Amino acid sequence: GPLVDGDSVSVSLSSIGRKALALLVYLSFSAGSRASREKLADLLWPDRSSAQSRNNLRQTVSVLRRELPGLLDAEREFIMLAPDRLSCDALRLIEVCERPQPNGSGEVADLYKGPFLDGFFSGSEVFDEWAAVVRTRLQAAAVHALTEGIRSAGADTGLQLLGHLLTIDPTREVSYQLGMELHSARWQPDQALRRARWQATEQVE
């Protein structure tokens, strides 16, 4: 999803460039929202010399400071996001998916807008490989959360969530099995009740 700073100003690719956007995304996912200059330079310009990549990083940071004042804090060796200035739908999705209770599945459906950074190419193979790993992680988390939400929801709500689940992964057989169960519960409540009692018995045993 898009990155938005704390003043509700959308961060667009056209205004800051793809390297700057990649930098913000990576910092958002980094521990403490910070990373070393060396790590960032190698991540975004792996095909350049150390001196060239460091210089490119300085220029990118300058662009961000100009376009989004106060968003970055820079030290001699580290660059970090200023606290509470940037939000990210993908991070919010992870937070919701990691809740122990399944009642956030509706929020998961709202937050998951498609594959992470779909169609975005940073110009760095290293960054794009990192993004692919995050993309897979987010999809798996959303699929799991929606599946658990469907299993605990009523038929009507479950069918709505199922639509989102099939959009994310239309080839997953388990999702179609869930759909059959939901339709059975909606149109044949007696059979659904017997199935629910059987499942409860299995869990007790």
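1. How many bridges join strand E3 to strand E4, and in which sense do the two strands run? Three bridges join strand E3, residues 72-74, to E4, and the two strands run antiparallel; strands count as paired if DSSP finds at least two bridges between them. Within this pairing Asp73 stands opposite Met80 in E4, and a hairpin of three residues leads from E3 to E4.

2. Some remarks on the basis of this note come next. The model is predicted, with local features requiring pLDDT of at least 70 and side-chain atom pairs counting only at pLDDT 80 or more, whereas totals for chains, interfaces and linings use all residues. Residues are numbered from 1 along each chain as its sequence is written, and side-chain values use heavy atoms, with hydrogens and water left out.

3. As an overview, the protein has 10 helices and five strands, where helices (H or I, at least four residues) and strands (E, at least two) are DSSP runs numbered from the N terminus. Of the 205 residues in the protein, 39% are buried; here buried means under 20% relative accessible area, exposed means over 50%, and partly exposed lies in between, with a 1.4 Å probe and protein chains only. Among contacts between residues at least 6 apart in sequence, 58% join residues at least 24 apart, a contact being heavy atoms within 4.5 Å. The accessible surface comes to about 11900 Å², and 49% of that belongs to carbon and sulfur atoms, the areas coming from the Shrake-Rupley method with a 1.4 Å probe and, for residues, with only the protein chains shown counting as cover.

4. Strand E4, residues 78-81, also pairs with strand E2, residues 34-36, in the antiparallel sense and over three bridges. The bridge partner of Arg34 in E4 is Met80, and Met80 is also the residue that Asp73 stands opposite.

5. Arg34 deserves a separate reading. Arg34 lies over the face of Phe78, at 4.1 Å from the ring centre; a charge sits over a ring if NZ of Lys or CZ of Arg is within 6 Å of the ring centre and within 35 degrees of the ring normal. The side chain of Arg34 also meets that of Glu75 in a salt bridge, at 3.8 Å from N to O, a salt bridge being a side-chain nitrogen of Lys or Arg within 4 Å of a carboxyl oxygen of Asp or Glu. This pair links distant parts of the chain, since Glu75 is in the loop between E3 and E4 and Arg34 is in strand E2, 41 residues apart. Both residues are partly exposed, Glu75 at 41% relative accessibility and Arg34 with a relative accessible area of 34%.

6. The count of salt bridges comes to seven. In one of them the side chains of Glu77 and Arg54 meet at 3.6 Å, N to O; Glu77 lies in the loop between E3 and E4 and Arg54 in helix H4, residues 50-67, so the pair ties together parts that are 23 residues apart in sequence. Glu77 is partly exposed at 37% relative accessibility, and Arg54 is partly exposed with a relative accessible area of 23%.

7. Another salt bridge joins Glu98 to Arg137, with the closest N and O atoms 3.9 Å apart. Glu98 is in the loop between helix H5 (89-97) and H6, while Arg137 is in helix H7, and the two residues are 39 residues apart. Glu98 is exposed, with a relative accessible area of 56%, whereas Arg137 is partly exposed at 44%. Arg92, Glu95 and Glu107 are linked in a network of salt bridges.

8. The whole structure holds six aromatic pairs, where rings of Phe, Tyr and Trp (its six-membered ring) pair if their centres lie within 6.5 Å, and planes under 30 degrees apart count as stacked, over 60 as edge-to-face and the rest as tilted. Phe29 and Phe116 form an edge-to-face pair, 5.5 Å centre to centre and with 70° between the planes. Phe29 lies in helix H2 (residues 18-29) and Phe116 in the loop between helix H6 (105-111) and helix H7 (125-152), so the pair ties together parts that are 87 residues apart in sequence. Both Phe29 and Phe116 are buried.

9. Phe29 also forms an edge-to-face pair with Trp130, at 5.7 Å centre to centre and 80° between the planes. Because Phe29 lies in helix H2 and Trp130 in helix H7, this pair ties together parts that are 101 residues apart in sequence. Trp130 is buried, as is Phe29, and ring pairs link Tyr26, Phe29, Phe116, Phe120, Phe127 and Trp130 into a cluster.
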